[in-house]
Amino acid sequence: MSYGLIYTLPFNSIDGKDYTIKIEKEGYQGTSSELTGQPSPFTVTLSDEEFVYTPTRFSTATLHIFGGDYLQDLFSTDYRMCRVTLYEGDRMIWRGFIKPEIYTQDYRNVKFNLDLECYSAMSVLEYVDYKQKGESR
């Protein structure tokens, strides 16, 4: 899979750290645009599974954007079409994919809030078709 950068969203945290969200689309070749975030542009929620033998902590995130573009090119039925990566400075701290066909937006105003839900990269593996080594299917 080859991803091309389609959108960036830079922001600062309340404690002054610089963050950048990069949204990449599979097969995209073109220039990228900068988005404007809401007051809290990116929130990550960890799964609440507290069972001691659960080896992996999955997470979801919500990308909170403000503007007048519906960003229809980010909506798909493929769980790995649009990749979202959160950077603190140059260090990647979260990676996932936009959840297909799940979004909220306000059609009443020219400028509106748009919320896009995201899965962590590990969570998306549930939706990937695979075959066991040596199987013919």
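Me: Leaving aside its neighbours within four places in sequence, which residues is Ser59 in contact with?

Reply: The structure is a predicted model, and contact here means heavy atoms within 4.5 Å. Once the neighbours within four places in sequence are set aside, the residues in contact with Ser59 are Val44, Thr45, Leu46, Ser47, Trp94, Tyr119, Ser120 and Ser123.

Me: Is Ser59 buried or exposed?

Reply: Ser59 lies in strand S5, which covers residues 59–67. A residue counts as buried under 20% relative accessible area. Because the relative accessible area of Ser59 is 7%, Ser59 is buried.

Me: Which residue has a side chain joined to that of Ser59 by a polar contact of 2.9 Å?

Reply: Trp94 is among the residues in contact with Ser59. The polar contact of 2.9 Å runs from the side chain of Ser59 to the side chain of Trp94.

Me: What is the nearest side chain of opposite charge to Lys25, and how far away is it?

Reply: Lys25 belongs to strand S2, residues 18–26. Lys25 is buried yet has no salt bridge. A salt bridge needs a side-chain nitrogen of Lys or Arg within 4 Å of a carboxyl oxygen of Asp or Glu. The nearest side chain of opposite charge to Lys25 is that of Asp73, at 5.1 Å.

Me: Which backbone oxygen does the side chain of Lys25 reach, and at what distance?

Reply: Residues that Lys25 touches, not counting those up to four places away in sequence, include Tyr3, Asp73 and Met81. The side chain of Lys25 reaches the backbone oxygen of one of these, Asp73, at 2.8 Å.

Me: What is the relative accessible area of Phe58?

Reply: Phe58 is placed in the loop between strand S4 (36–46) and S5. Partly exposed residues fall between the 20% limit for buried and the 50% limit for exposed. Phe58 is partly exposed because its relative accessible area is 35%.

Me: Which residues form a nonpolar patch on the surface, and what is their accessible area together?

Reply: Phe58 is a member of the patch, along with Met122 and Leu125. Together, Phe58, Met122 and Leu125 have an accessible area of about 290 Å².

Me: In what order do the elements of the protein run from the N terminus on?

Reply: The protein has eight strands and one helix. Starting from the N terminus, the order is β-β-β-β-β-β-β-β-α.

Notes:
Residues are numbered from 1 along each chain as its sequence is written. This is a predicted model: local features need pLDDT of at least 70, side-chain atom pairs count only at pLDDT 80 or more; totals for chains, interfaces and linings use all residues. Side-chain values use heavy atoms; hydrogens and water are left out. Helices (H or I, at least four residues) and strands (E, at least two) are DSSP runs, numbered from the N terminus. Buried means under 20% relative accessible area, exposed over 50%, partly exposed in between (1.4 Å probe, protein chains only). A polar contact is a pair of N or O atoms within 3.5 Å; within protein, one must be able to donate a hydrogen and the other to accept it, and residues adjacent in sequence count only if both atoms are side-chain atoms. Lys and Arg count as positive and Asp and Glu as negative; His and the chain ends are not counted. Patches are made of residues with over 30% relative accessible area and no salt bridge: like charges are joined within 9 Å, nonpolar side chains (Val, Leu, Ile, Met, Phe, Trp, Tyr) within 5 Å. Accessible areas come from the Shrake-Rupley method with a 1.4 Å probe; for residues, only the protein chains shown count as cover.
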